[in-house]
Amino acid sequence: MNEQTIRELDKNITEDEKLILDSVDKFLEKDVKPYVKEFESEDKYPQDIADKMADLGLFGATISQDYGGLGLSAVTYSKIVENVSSVWMSVSGIFNSHLIMCAAVEKHGTDEMKENLAAMGPKFRTYKAGLN
């Protein structure tokens, strides 16, 4: 993708999405970056970081607001993944794998599954149907 295309895509990011991107960047600087070496070297699961990502809504980033997600565009979501991955790649896998399952339920799930998805609300902890 060339620079002009990237600039054009960036123009479509809403003010709310810019605020979310800023919040994610602040979270990464304060709550992730200082702990990467420790967690990687000790092979620890970053539960506190995962909880904070859930609080930010990353587990439902692209899920429709009808189901309790943030309803972000693919462009904004890709920027979040890029920013998170630039600090600690492993952490992006935590919310990405979860989001894939939620997106499959949103698009192809039964009505009951979709109701369960909506009941989880914005934090989107572990979705029982596929990840447990």
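1. A residue is called buried when its relative accessible area is under 20%, exposed when it is over 50%, and partly exposed in between, with a 1.4 Å probe and protein chains only. By this rule K26 is exposed, because its relative accessible area is 54%.

2. This is a predicted model, in which local features need pLDDT of at least 70, side-chain atom pairs count only at pLDDT 80 or more, and totals for chains, interfaces and linings use all residues. Residues are numbered from 1 along each chain as its sequence is written, and side-chain values use heavy atoms, with hydrogens and water left out.

3. Helices are DSSP runs of H or I with at least four residues, numbered from the N terminus. Helix α2 comprises the 18 residues 15-32. The expected span of a helix is 1.5 Å times one less than its number of residues.

4. Which residues of α2 are buried? They are E17, L21, V24, F27, L28, D31 and V32. These residues cover an arc of only 130° around the axis, which means that they lie on the same side of α2; the arc is that of the directions from the helix axis to the C-beta atoms. Exposed on the other side of α2 are E15, L19, K26 and K30. The cover over the buried residues of α2 includes α3 (36-42), α4 (47-56) and α5 (74-87).

5. A salt bridge is a side-chain nitrogen of Lys or Arg within 4 Å of a carboxyl oxygen of Asp or Glu. The whole structure contains six salt bridges. One of them joins K18 and E15 at 3.4 Å, N to O; because these two are three residues apart in helix α2, about one helical turn separates them. K18 is partly exposed at 42% relative accessibility, whereas E15 is exposed at 55%.

6. D22 and K26 form a salt bridge whose closest N and O atoms are 3.1 Å apart. They stand four residues apart in helix α2, so about one helical turn separates them. A further salt bridge links E42 and K44 at 3.3 Å, N to O. Through shared partners, salt bridges join E38, E42 and K44 into one network.

7. K114 is buried but has no salt bridge, and D111, the nearest side chain of opposite charge, is 5.1 Å away. Here Lys and Arg count as positive and Asp and Glu as negative, while His and the chain ends are not counted. The side chain of K114 reaches the backbone oxygen of E106 at 3.4 Å.

Key: Contact = heavy atoms within 4.5 Å. Polar contact = N/O pair within 3.5 Å; in protein donor to acceptor, adjacent residues only side chain to side chain.
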